[in-house]
Amino acid sequence: MKRKKYYVLFLLYVIVVAFVLYLNGVFTGEWETSVNLIINVGFLAIIGILFGISSISFGRLGQVTRELEIVQLRLQDEYKEAGETNLWTVYREDTAFFEQKDLQEAFNKYRLRVKGSRTRRRAGAPCDLEEYINEDFLDRVGMNFYNSGVSGTLTGMGILGTFLGLSMGLGAFSGDDIFTISDNVGSLLSGMKVAFHTSVYGIFFSLVFSMIYRSLMSDAYQTLDEFLNVFRQTTQPPIMNEDETAATMLVYQAGMANSLKQMLEVMKGNAAEQTAGVGRIVDQFTQQMHAALDTDFKKLGNVLKNAGESQAASTANVAEMVEAVTTLVDVNRSVQEALSSVMERQELFAKQLDDQKEMLADLCSDMSDEISSQLYTFEQMRNLYEK
């Protein structure tokens, strides 16, 4: 029920609309001019549209929060029934872990990430569900980009209505003596009534909306933290420690070196066969030329033998290339260690970002309190001015 507290906005909205219509004499039939009524109805209609759009995002946020609670309780029960053993083997291929569409899409991305991290080339790469289901995810679902500006918009509309009403009253006020001035006091008061009415319900709705929105987001953030803690305890796939990761990398590198060794042996065998073939061709060619022309082609034979020796030298170059590749594997191992160091620095940087985020949140809260204080001072000054 606490996630449906935004219904209070519509209840208050209906009460304010009825109150404004009553003050303008709609229910009693005493209203004479429609200008004030049109302005108030127009402002209230805009506020109603803003509330309607916000209610859609609040409904989606409530569905997500409720789904997180349901899955959290389910994981706790299944974890106990399984004898406190990790549940990832049960859910790693589950495409219906969540019923809510946005949550399931985020979880599917997480599953694919974990599956990719278990391959031979990325063995033991750490991955947390919070990378996909986090406060930013809730902000998108709850349309934070829109709702964060509604409160300021309502306050601005109240101030706009104030100046609009005063402009209307002063525009209709004229006269050079007490008699003509007294005849125009009604127009001035009518404009001031519009000014004060729009200012009052604009600021009132701004304060109420801000309180309800903050309450809903705070509840969603708290539920998310509780769900992530339960997921890490019961379902999150275990991450390889440093020794296991290093062992896996060594096995992979040993396999790679073995493959290179086999390639070298094959290349050596091919080179030897090619050299022997060239020798046989040279002998046959020399014999045939001697038989046909009775000419000594010793020099030609030497040239062809030199070609065979060049082929053998090429084989040696291939061996050197294999050694270079082996050196490259060692360099790759050093790069892996450097990447591990960089990851640790990134984690430290992420922690610092979280601290700065908390500081910004505190500063925003202080600014909000300061603005509320200034609005209250403005209202007190306005009351003094009315008196």
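Which residues have the most contacts inside the largest nonpolar core?

## The core

They are Leu75, Phe97, Phe98, Phe205, Phe227 and Phe231, in a core of 54 residues. A nonpolar core here is a set of buried Ala, Val, Leu, Ile, Met, Phe, Trp, Tyr and Cys residues joined through side-chain atoms within 4.5 Å. Buried means under 20% relative accessible area, exposed over 50%, and partly exposed in between (1.4 Å probe, protein chains only).

Among the helices that each supply at least two core residues are α1 (7-23), α2 (35-81) and α7 (178-234). Helix α7 gives the most, with 15 residues. Helices are DSSP runs (H or I, at least four residues), numbered from the N terminus.

## About the model

This is a predicted model: local features need pLDDT of at least 70, side-chain atom pairs count only at pLDDT 80 or more, and totals for chains, interfaces and linings use all residues. Residues are numbered from 1 along each chain as its sequence is written, and side-chain values use heavy atoms, with hydrogens and water left out.

## Zooming in on Leu75

Leaving aside residues up to four places away in sequence, Leu75 touches Leu87, Tyr91, Phe97, Phe227, Val230, Phe231, Thr234 and Thr235. Contact means heavy atoms within 4.5 Å.

## Over at Glu379

Glu379 sits in helix α9 (residues 298-386). With a relative accessible area of 36%, Glu379 is partly exposed. Glu379 and Ile203 are 176 residues apart in sequence, yet 10.0 Å apart in space, C-alpha to C-alpha.
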